[in-house]
2 protein chains.
Amino acid sequence: MPKKVTILDVARLAGVSRTTVSRVLNQKGEVDPATRERVQRIIEEQSFVPSLTAAGLAGGHSRLIGMLVPTFTWTMIPELLRGIADVINNTPYELVLYSYNDEDLSRDQSVIIKRVMATQLTAGILAVFPGRISAQLTRLYQQGLPVVVIDDQFDQTIPWVHADNVTGAYLAVQHLIQLGHRRIAHIQGPPEYLASHDRYNGYRRALQEVGITPDPELVLTGDFLPPSGRACAEQLFVLPPEKRPTAIFAATDQMAYGVLSAAEEHGLSVPGDVALVGFDDDTPSAHVRPPLTTIRQPSFEMGKSGIELVLSLVAASDEPAAQQHSLFKSTKDGSTPVQPHPIKPARIELQTSLIVRASCGSSYHVDWQHSNSKMGGTQS
Amino acid sequence: MPKKVTILDVARLAGVSRTTVSRVLNQKGEVDPATRERVQRIIEEQSFVPSLTAAGLAGGHSRLIGMLVPTFTWTMIPELLRGIADVINNTPYELVLYSYNDEDLSRDQSVIIKRVMATQLTAGILAVFPGRISAQLTRLYQQGLPVVVIDDQFDQTIPWVHADNVTGAYLAVQHLIQLGHRRIAHIQGPPEYLASHDRYNGYRRALQEVGITPDPELVLTGDFLPPSGRACAEQLFVLPPEKRPTAIFAATDQMAYGVLSAAEEHGLSVPGDVALVGFDDDTPSAHVRPPLTTIRQPSFEMGKSGIELVLSLVAASDEPAAQQHSLFKSTKDGSTPVQPHPIKPARIELQTSLIVRASCGSSYHVDWQHSNSKMGGTQS
DNA sequence: ATACTTGTTGGTAACGATTCCGGAATCGTT
DNA sequence: AACGATTCCGGAATCGTTACCAACAAGTAT
């Protein structure tokens, strides 16, 4: 049980001043290789870890990255977290979790943002699927706080990381077209999320490419969850036979599960009577009956890229401290000019890939290798 | 954009010293109602929020709660987080996320613990499904850090919150027995997790209660995930007919999905040829074919109770600051005596409930209402 | 040899809040 | 009118670290 060893203790043991220890800690300034070595050994021996708290206070910058996560349960969040943790664990940074309820929009949103702002606790923000909240994030970003958004953004200002939803949806629908389907329905997600639009657009593009005009009657809106998928499917199944779709592209696997239930109830076979393709490649999708053809997103990589981007922005706003400081040292001469990020918005787009299983009625031999994916592959 | 208002600014505006402001902030000491009022108004006007960093440094205690989460994807984690966030959002505390990889045990474990210890960043720890790491947590707890464990603990020292896995499993198996099954197999989880043992014990108990001796050949071990469930099921399905089980109780829904796959491949019908019951009530379980009978855990409540317990422990170790301080003020007179928590270990057990669907072959009318659950109920 | 770099190091003042302790104001008693 | 008690408030030290600036040694140019 280490009895709280401080930087001063290390300094004493190494026979130097705490300034020097601090220097080797932050690899700033010149330190004689010999002393650096010595200090580092002592640090190791004492298993000394500088107090984040004190460092934050003194240095004016914190080692904490805020992570905004909606309580709304996206299935890919756990995988995303894995990617994020993977990176964070190799840095001196820690994650602060801000969870907010995306449902009751009015209250929670500004409260959370205020909390993030006010405590001045974090050096940067990684927002996962911000949905409606993303407007508020823009404000934060413009005030100089490094912010990165994962997967959801309408205006084009904040750095972001996202999967190529358009192409993913395009691949899915193209696949159905190649299997001979012409009346293809789409169950889209709520309009608050960019992903909903992107997937819809991919759907449109694939149809239009082969000269099919999208039929508005075949495009329904769900909320990403199974019950809504079931409800939409029921609407489709009661259409007169000539108007009924022969295939359905659901914007999430979860909604596809709902479609499966509805089909069973209506005595329709999948893929015999209707083909079905989902989106997300949730774990259970390989195990439902029939196994679900779907689009896989590189969740792990998205998390990884996202946090790396935040970290690089934070680092960048530390280096050119000269100008950036104007943000915090409120000069007495009146208004402190807000200094936006000089870095151009970084956008990282990751690729999606088609996973062919039984629910689309494919013989598993369709030529889909020309997809732009590196991860393609049928799985058990 | 608040230009970083400090406690000193508030003090000036209110015409008092920062000491007084601090007092109204922490409701310590006596402050004249009038001045308190005035100060509070200024605080409100300036939307001043004290810096957690500075407060932590000065006060010796932090407003951060560490949350240990394995990267291993438990399906109930999102729901658990919701419960935790729900509570935290109404307190001045924030969550720090420590994610660790439960797979490569040797390295990550001590690293994480060291990190938690060393940075002295958090006032308490909430550990979710710690599995193998739980021994290390005991050490932390004994050193005086408030620690609460959710769902996993072998020695009986740390406060914990858990679902009643034994009774859950008991209910599941009892239900199968009531349906007439006698040869009931169990696919259990890895021995590192307490839940695996508990569920196995519930299984045993239900069998023994009706005079059936558990057949070791019918108890297999998986790793909670679908492929392992499939592998175990295959082992069972190749048994000679007279030894083959007529029902399977899988320790997780995910493994049950694997069983479903295996059954299909072997041309066995569920529940016709084998009945199946899972555990966890994952979202997709209502949508697989056939819908899965399972045991539901109150994940949300578990999260809620867990964080509340941590918070109360933290509060308790703040109040009687006198003795507790001996922990941190390492006296010169030699060894600092370690002061264990005076509070008796709190244990909170939440109830589980049987969700009857089609996979067990029940007609949905079995009398299972005598379960100890308040949440019972068949769902679509 | 002197002055001037260059490279290293130490001293000291922040950072923003809490906490201990002593002093002033208020009040009721004798 | 004076006194202690009680309430309320301010001064100054402190937490562990970083930032800034001055100081010192050694090496090089003059």
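1. Surface near DNA strand D. In this predicted model, the surface near DNA strand D draws at least two residues from each of helix 1 (7–14), helix 2 and helix 4 of chain A, and from each of helix 2 and helix 4 of chain B. Helices here are DSSP runs (H or I, at least four residues) and strands are DSSP runs (E, at least two), numbered from the N terminus. Of the 28 residues around DNA strand D, those that come nearest are Thr6(A), Ile7(A), Ser22(A), Ala58(A) and Glu30(B). A residue is near a molecule or strand if its C-beta atom, placed from the backbone, lies within 6 Å of it. By class, this surface has twelve nonpolar, eleven polar and five charged residues. Ala, Val, Leu, Ile, Met, Phe, Trp, Tyr, Cys and Pro count as nonpolar, Asp, Glu, Lys and Arg as charged, and the others, Gly among them, as polar.

2. Conventions. Residues are numbered from 1 along each chain as its sequence is written, while chains are lettered from A and ligands numbered from 1 in the order in which they are written. Since the model is predicted, local features need pLDDT of at least 70 and side-chain atom pairs count only at pLDDT 80 or more, whereas totals for chains, interfaces and linings use all residues.

3. Surface near DNA strand C. Here helix 2 (18–26) and helix 4 of chain A, with helix 1 (7–14), helix 2 (18–26) and helix 4 of chain B, each supply at least two residues. Val16(A), Thr6(B), Ile7(B), Ser22(B) and Ala58(B) come nearest of the 28 residues around DNA strand C. The residues of this surface comprise twelve nonpolar, eleven polar and five charged.

4. Contact between the chains. In the model, 43 residues of chain B are in contact with 42 residues of chain A; contact requires that the C-beta atoms of two residues, placed from the backbone, lie within 7 Å. On the side of chain B that touches chain A, at least two residues come from each of helix 4, helix 5 (77–88), strand 2 (94–100), helix 6 (105–119) and helix 11 (253–265) of chain B. That side of chain B divides into 21 nonpolar, 16 polar and six charged residues.

5. Helix 4 against helix 4. Helix 4 (residues 52–59) of chain A packs on helix 4 (residues 52–59) of chain B at an angle of about 125 degrees, their axes lying 9 Å apart. This makes helix 4 of chain A oblique to helix 4 of chain B. Angles under 35 degrees count as roughly parallel, over 145 as roughly antiparallel, 65 to 115 as roughly perpendicular and the rest as oblique. Axes are lines fitted to C-alpha atoms, for helices over the stretch in contact, and angles run from 0 to 180 degrees between N-to-C directions. Thr53(A), Ala54(A), Gly56(A) and Leu57(A) meet Thr53(B), Ala54(B), Gly56(B) and Leu57(B).

6. Strand 2 (residues 94–100) of chain A pairs with strand 2 of chain B in the antiparallel sense over three bridges. Two strands pair if DSSP finds at least two bridges between them. The bridge partner of Val96(A) is Val96(B) in strand 2 of chain B.

7. Sheet of chain B. An open sheet of four strands in chain B has the order 7-6-8-9, with parallel pairing. Strand 7 (219–221) and strand 9 (275–277) of chain B stand at the edges with a single partner strand each, so one side of each is left without a neighbour in the sheet. From one strand to the next, the twist averages 20 degrees. Strand 6 (residues 184–188) and strand 7 of chain B pair in the parallel sense over three bridges, and Gln188(B) has Thr221(B) as its bridge partner in strand 7. Helix 11 of chain B lies across strand 6, strand 8 (247–250) and strand 9 of chain B, running at about 145 degrees to strand 8.

8. Sheet of chain A. Chain A also has an open sheet of four strands in the order 7-6-8-9, with parallel pairing. Its edge strands are strand 7 (219–221) and strand 9 (275–277) of chain A, each of which pairs on one side only. Strand 6 (residues 184–188) and strand 8 (residues 247–250) of chain A pair in the parallel sense over four bridges, and Ala185(A) stands opposite Ile248(A) in strand 8.
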